[in-house]
Amino acid sequence: MSKQEYRRPPHRRRWLQISAALLCLLAVLLIIVFFNRDRFQNQAGQSSHTNNTNQVAKAEKAEVSDQELQINEGNQALLRVPSVKPERFYKASQVNIAYPKEGVRGIYLSAHGMGTPSILERNINLLDSTGLNSVVIDVKSDWGSIATQLPTDNDLVKKNEEITFNGQEMMQTFEEKQIYPIARITTFKDTYAAQAHPDWSFKKSNGEIWSDAGGQTFLNPYNKDVWAYVVDVAKGAAELGFKDIQFDYVRFPEGFENFGTSLVYDMGDYAHYGKDSVEGRCQAITDFLAYAQKELRPYGVDVSADIFGYVTTIGSAPGIGQDFTDIANTVDVVSSMIYPSHWSNGDFGFTAPDLEPYGVVDNYMDVEDLRLEKIDGDHAHSRPWLQAFTASYLANGTYQEYTNVEIEEQIQALRDHGVYEYLLWNAANDYPSNVDY
């Protein structure tokens with residue numbers, strides 16, 4: 001037979017071509033479904049884990065990448081990096097603790113409290129028997145020590161460990177009881193790291209490391225090696241099982257605008273601002289939080305920041321580098337410290353603010369609500385720190401004992417503003433059980 005006799009009829013060739021095209025189309029559809037399967041699941045079963053509809057997108061949804069492959073002509077996108085990446089790109093821990101449906105209602109436990117069986121047991125029982133559901137735990141202390149062993153390759157983190165509690169055992173308890181764990185990371189107040197790396201800190205003209213009146217040292221927020229170290233601690237906490245990384249002391253030392261220009265330190269990428277620049281300090285703090293947010297995104301945790309309450313009332317604190325709007329635009333949660341005892345006599349029109357727990361919180365929230373309303377788009381949601389201690393250091397007649405009544409008044413003021421999340425601070429880790437939490 002000739003070669004011509006073996007040729008397929010034209011109509012069979014057309015069917016083969018159509019079949020091949022259909023198979024290619026099916027393959028493309030399968031690829032699209034594979035890379036977007038998490039998005040479909042999220043859209044089918046997504047529910048907000050807070051009562052604030054403006055909360056920023058969670059880590060599970062991942063940041064949309066702007067990286068694209070382009071066709072040379074027409075600049076049309078050929079392939080786009082999926083907005084929701086497969087789970088294998090995440091580094092989240094295997095600890096399964098859900099965000100509380102009613103919102104975070106937490107207490108603070110120090111490293112000492114976590115390492116003292118009687119204090120720990122008392123507070124676990126409190127969490128079991130009341131409406132409280134969350135705990136903020138010192139992971140990196142005010143001096144810079146690391147309170148529990150963290151999964152990390154950072155040698156300095158390992159060197160600074162002063163173990164007071166077993167984090168893995170604690171996570172098992174928290175998972176069993178569904179207690180939501182928040183890691184408190186003291187950010188730039190850190191004597192340990194400053195001693196190991198004097199170039200990370202501020203120095204006096206004689207070369208000595210600067211320290212505050214309490215003898216404690218701050219790291220330089222302009223230094224990006226400092227950023228990496230602090231975030232390495234946070235990554236270890238996230239891998240351990242903490243669901244929220246809370247950056248405290250995320251600021252310059254108080255009064256820095258009055259003495260900072262006399263100190264010796266490298267401003268790095270911020271040198272063009274000059275040492276006396278308020279804008280430079282605020283930009284460095286905001287940029288650090290943005291860096292932390294990006295680096296921690298694969299771990300599936302929230303990022304929160306503690307700020308002074310007065311920062312909200314004035315908008316931007318000139319010395320410490322905290323700007324309320326910039327921070328609220330950057331993190332998932334903003335926790336203002338609005339303890340009545342921390343306001344000056346006359347603030348909000350109160351002669352002695354500590355005697356007015358409801359009034360102080362109510363007036364503060366009026367200001368915060370207005371600032372948040374002015375932010376376009378998504379922003380952090382509010383989870384304030386409330387006072388659960390007696391400020392006996394104040395002058396007689398200007399303070400009172402804080403019992404269940406005063407705590408409930410603060411909580412009620414938040415609820416009257418539609419805020420149902422809060423954290424309670426007591427350095428001694430001693431909280432009343434007869435509170436309507």
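Me: How many salt bridges does the structure hold?
Reply: The structure holds eleven salt bridges. Keep in mind as we go that this is a predicted model.

Me: What makes Asp128 and Lys177 a salt bridge?
Reply: Their closest N and O atoms are 2.8 Å apart. A salt bridge needs a side-chain nitrogen of Lys or Arg within 4 Å of a carboxyl oxygen of Asp or Glu, so this pair of Asp128 and Lys177 qualifies.

Me: Why is this pair said to tie parts of the chain together?
Reply: Asp128 belongs to helix α5 (residues 117-129) and Lys177 to helix α7 (residues 167-177), so the bridge ties together parts that are 49 residues apart in sequence.

Me: Why are Asp128 and Lys177 called partly exposed?
Reply: Asp128 has a relative accessible area of 43%, and Lys177 has a relative accessibility of 32%. Buried means under 20% and exposed means over 50%, so values in between are called partly exposed.

Me: How do you know that Arg184 and Asp138 form a salt bridge?
Reply: Their side chains meet at 2.6 Å, N to O. The cut-off is within 4 Å, so the pair counts as a salt bridge.

Me: Where in the chain do Arg184 and Asp138 lie?
Reply: Arg184 is in strand β5 (residues 180-186) and Asp138 is in strand β4 (residues 134-140), so this pair links distant parts of the chain, 46 residues apart.

Me: What makes Arg184 buried?
Reply: Arg184 has a relative accessibility of 2%. Buried means under 20%, so Arg184 counts as buried. Asp138 is buried as well.

Me: Which salt bridge does Arg184 form with Asp142, and how far apart are the closest N and O atoms?
Reply: In the salt bridge between Arg184 and Asp142, the closest N and O atoms are 3.0 Å apart. Arg184 sits in strand β5, while Asp142 is in the loop between β4 and α6 (155-159), 42 residues apart. Asp142 is partly exposed, with a relative accessible area of 23%. Salt bridges that share partners join Asp138, Asp142, Arg184 and Asp248 into one network.

Me: How many aromatic pairs does a search of the whole structure find?
Reply: The search finds 24 aromatic pairs.

Me: Why is the pair of Tyr222 and Tyr265 called stacked?
Reply: The rings are 6.3 Å apart centre to centre, with 10° between the planes. Ring centres must lie within 6.5 Å to pair, and planes under 30 degrees apart count as stacked, so Tyr222 and Tyr265 form a stacked pair. Tyr222 lies in the loop between α8 (191-196) and α9 (224-240), and Tyr265 in the loop between α10 (256-259) and α11 (278-296), so the pair ties together parts that are 43 residues apart in sequence.

Me: How do you know that Tyr222 and Tyr265 are buried?
Reply: Tyr222 has a relative accessible area of 2%, and Tyr265 has a relative accessibility of 10%. Both values are under 20%, so both residues count as buried.

Me: Why is the pair of Trp343 and Tyr364 called tilted?
Reply: The planes of Trp343 and Tyr364 have 45° between them, and the rings are 6.3 Å apart centre to centre. Under 30 degrees would be stacked and over 60 edge-to-face, so this pair is tilted. Trp343 is in the loop between β8 (333-337) and α14 (357-373), and Tyr364 is in helix α14.

Me: What makes Lys275 lie over the face of Tyr265?
Reply: Lys275 is at 4.6 Å from the ring centre of Tyr265.

Technical notes
Residues numbered from 1 in each chain as written. Predicted model: local features only at pLDDT ≥ 70, side-chain atom pairs only at ≥ 80, totals over all residues. Heavy atoms only, no water. Helix = DSSP H or I, 4+ residues; strand = E, 2+ residues; numbered from the N terminus. Buried < 20%, exposed > 50% of the residue type's maximum accessible area, 1.4 Å probe, protein only. Phe/Tyr/Trp six-rings, centres within 6.5 Å; stacked < 30°, edge-to-face > 60°. Lys NZ or Arg CZ within 6 Å of the ring centre and 35° of its normal.
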